[in-house]
Amino acid sequence: MNTSSPRATEPSFDSVQFRRALGQFATGVTVITTRLADGSYRGLTASSFNSVSLTPPLVLWSLGAAANSLPIFSGNSHYVINVLSAEQAHLAERFARRSDNPFGDLAFRLSRTGLPIIEGAAAWFECHNRSQYPEGDHVIFVGEVEACGYASQPALLFHNGQFSSTPMR
């Protein structure tokens, strides 16, 4: 299958309109966690999470190419994608900001590879860092899921610039 095509025409909209249009798509909210070589943990909030394949089990997420944490996530062999529950908006906000120790009072347990799984998350996916694809101003990470779990509870959503457990009108 040939997926290449000629270049797209210039957009007929500006970045503000594009961002507002994207905001109409309700997305789940995740915190991606990993461990640094010194044993400390790193995490970030991401709403760019999606399933890719059941066989093999693949998921994807993306990170801004200018993000300070890009070398960490690019270089580590594993990460955990924690899908936040509807009650965890405070964690989305915590991990979206720079902080010396966002894990300080956080309740979590360690995955089999020693990475943080956030307690109370709606789901989690421990992933091997399978591949990365630079596209536009982001890098797309494809993770091969080696372990996962879930709790039947509402997930945190981000829609129209706000957190919710149901899409907003």
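**Close-up views of a predicted protein model**

**View 1. Surroundings of Ile81 in the predicted model.** Not counting residues up to four places away in sequence, Ile81 touches Thr30, Val31, Ile32, Phe49, Val59, Trp61, Ala123, Trp124, Phe125 and Cys127, where contact means heavy atoms within 4.5 Å. The model is a predicted one, in which local features need pLDDT of at least 70 and side-chain atom pairs count only at pLDDT 80 or more, while totals for chains, interfaces and linings use all residues. Residues are numbered from 1 along each chain as its sequence is written, and side-chain values use heavy atoms, with hydrogens and water left out.

View 2. A nonpolar core is here a set of buried Ala, Val, Leu, Ile, Met, Phe, Trp, Tyr and Cys residues joined through side-chain atoms within 4.5 Å; buried means under 20% relative accessible area, exposed over 50%, and partly exposed in between, with a 1.4 Å probe and protein chains only.

**View 3. Helix H3 and its packing partners.** In helix H3, which spans residues 89–96, the buried residues are Ala89, Leu91, Ala92, Arg94 and Phe95. These buried residues of H3 pack against strand E2 (30–35), E3, strand E8 (116–118) and E12. Helices (H or I, at least four residues) and strands (E, at least two) are DSSP runs, numbered from the N terminus.

View 4. Leu106 is found in the loop between H3 and strand E7 (108–110), and at 12% relative accessibility Leu106 counts as buried. Leaving aside neighbours within four places in sequence, Leu106 is in contact with Leu91, Arg94, Phe95 and Ile118. For one of these, Leu91, the separation from Leu106 is 15 residues in sequence and 8.8 Å in space, C-alpha to C-alpha.

**View 5. Ser164 in strand E12.** Strand E12 covers residues 162–164 and includes Ser164, which is buried with a relative accessible area of 15%. Once neighbours within four places in sequence are left aside, Ser164 is in contact with Ala155, Leu156 and Leu157.

**View 6. His128 in strand E9.** His128 is found in strand E9 and, at 30% relative accessibility, counts as partly exposed. Neighbours within four places in sequence aside, His128 is in contact with Ser77, His78, Val142, Gly143, Glu144 and Glu146. Between His128 and Gly143 there are 15 positions in sequence, and their C-alpha atoms are 5.4 Å apart in space.

**View 7. The protein as a setting for the close-ups.** The protein has 3 helices and 12 strands. Its radius of gyration is 17 Å, close to the 15 Å that the globule rule gives for 169 residues, so the protein is as compact as a globular protein of that length; the radius is taken over C-alpha atoms, and the rule is 2.2 Å times the number of residues to the power 0.38. Buried residues make up 37% of the 169 residues, and residues 24 or more positions apart account for 63% of the contacts with a separation of 6 or more.
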